Amino acid sequence: MADVSASGIKKNMTENLLSRRRFLSCASIAGTAAITVGCGDPTPYVDAATQPEIDTLNFALNIEYLQATIYSYVVTGKDLDSSLTGGGPAPTGAPGQLTFPNQQIADLFAEVYFDEISHVSALRTAVGSGLAIARPQLNLSAITAINASNIIPIARLLEDVGVTAYAGIMAKLSSNNATALAQMLAAEGFHAGALRLIAIQQNSGYPSSLPGYVPADGYDIKPGDPGTVALAQQGPTTANGGFFDTAANGVPGQTNTFNGFAYQRSTSQTLAILYNNTSTGTAKGAFFPNGVNGNITTV
């Protein structure tokens, strides 16, 4: 049986990295923190060879740290394995292991947990030792104390944010970096779609109704069944919500976002949600009380 523990995943990632290093050696390729696809290895991997791209990947790593840490606590009752945090501090406001409404939802959260810790491990390995950021200080109760009654809308919000954030930064990446992040974006989209459907089925609420939460922008479409085929055919709306957080009837100010597309969020718009503060220049708050780590840090 495959070892799907955090330590097992880290071991597999290390073995993959060694394989890629052997390929780099035989190909005589050099570059700062360059890690590429090994001989016969079908896994697209990142070439974090330039500082702007490292900054972008580290920005994504902040999001993955937050997601993976929340899922770790609610699924296992414990923090991430220390091999995944880069020496970063323990989070505050951490929940205990949760009992989910049914076995299927419990299993889904467990699989999302596997994906998110895998993303953390992949990004840390890809960016490279000494370049990958450590996990920043996290406040997991930034919206409200996480419990079984609110984990679905909170997780759904963070998955939607991940999708739109990655859509927004994709243009800053090239080659294998863009391929790898595109695959992570697809995984986040799978998670978001599943969680949005569960939120509708469980009537689990919308984060704007939770204490301390204020939507940062108009792209946070609440999960909802419009109620009729005719309404659903018109796409999601702010009033009726939607099964998916996709654009409908035009998206002012979003170049190349068309009906049926996922929204894009800039790093500033993403941080406005994670800091729960839309003021330009804001550098910390909410989920990141000391700010995110790396060089992209302000609203």
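Helices (H or I, at least four residues) and strands (E, at least two) are DSSP runs, numbered from the N terminus. This is a predicted model: local features need pLDDT of at least 70, side-chain atom pairs count only at pLDDT 80 or more, and totals for chains, interfaces and linings use all residues. Residues are numbered from 1 along each chain as its sequence is written, and side-chain values use heavy atoms, leaving out hydrogens and water.

**Stop 1: helix α4.** Select R156 and D160. They form a salt bridge (a side-chain nitrogen of Lys or Arg within 4 Å of a carboxyl oxygen of Asp or Glu), with the closest N and O atoms 2.6 Å apart. Both sit in helix α4, four residues apart, or about one helical turn. D160 and R156 are both buried (under 20% relative accessible area; exposed is over 50%, partly exposed in between; 1.4 Å probe, protein chains only).

Stop 2: D220 is buried, as is R156.

**Stop 3: D79 and R135.** Select both side chains. They meet in a salt bridge at 2.7 Å, N to O. D79 is in the loop between α2 (51–76) and α3 (103–127), while R135 is in the loop between α3 and α4 (151–169), so the contact links parts 56 residues apart in sequence. Check the accessibility of each partner. R135 is buried at 1%; D79 is partly exposed, at 26%.

**Last step.** Show every salt bridge: the whole structure has four.
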